[in-house]
Amino acid sequence: MKRRDFLLTAGAATALRGAARKPNIVWIMADDLGYTDLGCYGQKKIQTPHIDKLASEGTRFTHAYAGCTVCAPSRSVLMTGRHMGHTSVRSNSGGVPLLPGDRTVAEVLKSAGYATGGFGKWGLGDVGTPGVPEKQGFDEFYGYYHQVHAHYHYPSVLIHNSKEVPLEGNTNGQRTTYASDAIAGRAMEFIRRSAGGPFFAYLPFVVPHWEILAPSDSVDQYRGKFAEKPYVDQRRHYADQPEPYATLAGMISRMDGHVGQVMSLLKELNVDRDTLVFFTSDNGGAMRLLNGDNFFDSYGPLRGHKQNLYEGGIRVPMIARWPGKIRANHTSDFVWMFEDFMATASEIAGAKAPPSDGMSVLPTLLGKKQSPHDYLYWELPRYDGAKGQFRDEAPMQAARMGDWKAIRPEPDGGIELYNLKTDIGETQNLASKEPAVLAKLKSTLTSARTPPRPQTEPSPRAWYERH
């Protein structure tokens, strides 16, 4: 850490130590929400009043990044503070677990006296593996452990601390209990129980990830408003959806309602001013994968989408709210990403952070200047689940250094170079015109990573798939 940043962070931590109690931390994360899928980021067709209010009462970041462009690796970066060149889980097969030696944000906060609860999609270790959340620092976790299970919004069961919990009315193909409602309910029960002391509530909601499905009362407000183009699933993995746009909008609005419920509960319990709330998405949006279009303009000026490393795949909405501490109705262009959450949460809790690739952004949150990252790094190596190993090739990669970004969009492919300050849409490849910049970033693409460990994918239990 640079000396100036050390002094700023130390000063911020000193100010926090003067508080009557350690602040609560709530991290709310949507699944596959695009950069401009929220009203506060420019969305025109989908109503998100509660999240928009969160932004108006806090700071909205315009250069925040997920850990990866797909679910599990991004969550691994978030939990471990290690970017994609070093984190344990670099495949997205669904059940590859964190290692016993991995130290998560939840473990650090638990050691600092926090109650720790997770509610939603885990994706970093199935039941029976060392990666289950209750072995990774969480007092309790309720939701989906394996990602394939999380592809369905009306499963017959969810998991609570590795035990199956039936969802009422969801057997034999029936759809009565929407899993997101049950997850939000359990999250609020945890917050209510834990309000007397510091708590960490991790809420990785499972919408708007496919399958495209929501209760009728959420879809009704959008029916008839859009020129629907029915979605036909060529893989026959999900049921065909005759009104995908109204349904997807309904999913996002329902999640927005859950955010509103959480915020109302914090005020009811009189812990609102003691609680730092983040809202973000686990990676870029998937809208361009639906019917080959971008009906909701889910990326604004950004190129790409979930599954690639252009900005649309990794740049995400990020809101931080903390009354009296974080500036309200403010927009920041500070560049940061999921790897920074470990150091930031540790600093806020007064805990010693384990080694990580991130830095505390507490000074920025509190409105102070701090030096930027030297670079940010992403990759997505191709994984052969049958062999339990990665392919021997240069993976998809990207690195950002200041305004410059290098990207290898295909495995073993060439490297492109963009200036994000003048070309946010990554339309002008400057690789041939800026050889010195390209060479520096190419070196980073090599030095930022170590080869990923062999990763074994456990077979999901039969009820995880519903055909």
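Ala, Val, Leu, Ile, Met, Phe, Trp, Tyr, Cys and Pro count as nonpolar, Asp, Glu, Lys and Arg as charged, and the others, Gly among them, as polar. By these classes, the lining of the largest cavity has nine nonpolar, four polar and two charged residues. The model is predicted.

**Cavity**

Rolling a probe the size of a water molecule over the atoms shows where empty space is left. A search of the whole structure turns up one cavity of 30 Å³ or more. The largest cavity holds about 110 Å³ of space. Its lining comprises 15 residues, and Asp32, Asp37, Leu248, Ala286 and Met287 are the closest to the centre.

**Helix H2**

Helix H2 spans residues 49–56. Ile51, Leu54 and Ala55 are buried there. They sit on the same side of H2, because they cover an arc of only 100 degrees around the axis. What do the buried residues of H2 pack against? Their partners are strand S2 (59–65), helix H7 (244–268), strand S8 (275–281) and strand S9 (315–321).

**Cysteines**

A disulfide is a covalent bond between the sulfur atoms of two cysteines. This structure has zero disulfides. Cys68 is in none, and the nearest cysteine sulfur, that of Cys71, lies 9.5 Å away. The cut-off for a disulfide is a pair of cysteine sulfur atoms within 2.5 Å.

| Residue | Relative accessible area | State |
|---|---|---|
| Cys40 | 19% | buried |
| Cys68 | 0% | buried |

Buried means under 20% relative accessible area, so Cys40, at 19%, counts as buried.

Note on methods: Residues numbered from 1 in each chain as written. Predicted model: local features only at pLDDT ≥ 70, side-chain atom pairs only at ≥ 80, totals over all residues. Heavy atoms only, no water. Buried < 20%, exposed > 50% of the residue type's maximum accessible area, 1.4 Å probe, protein only. Helix = DSSP H or I, 4+ residues; strand = E, 2+ residues; numbered from the N terminus. Arc of directions from axis to C-beta. Contact = heavy atoms within 4.5 Å. 1 Å grid on protein atoms, 1.4 Å probe; cavity = no way out; pocket = protein on both sides within 12 Å on 5 of 7 lines; lining within 4 Å. Points joined across faces, edges and corners; volume = space filled by probe spheres on them.
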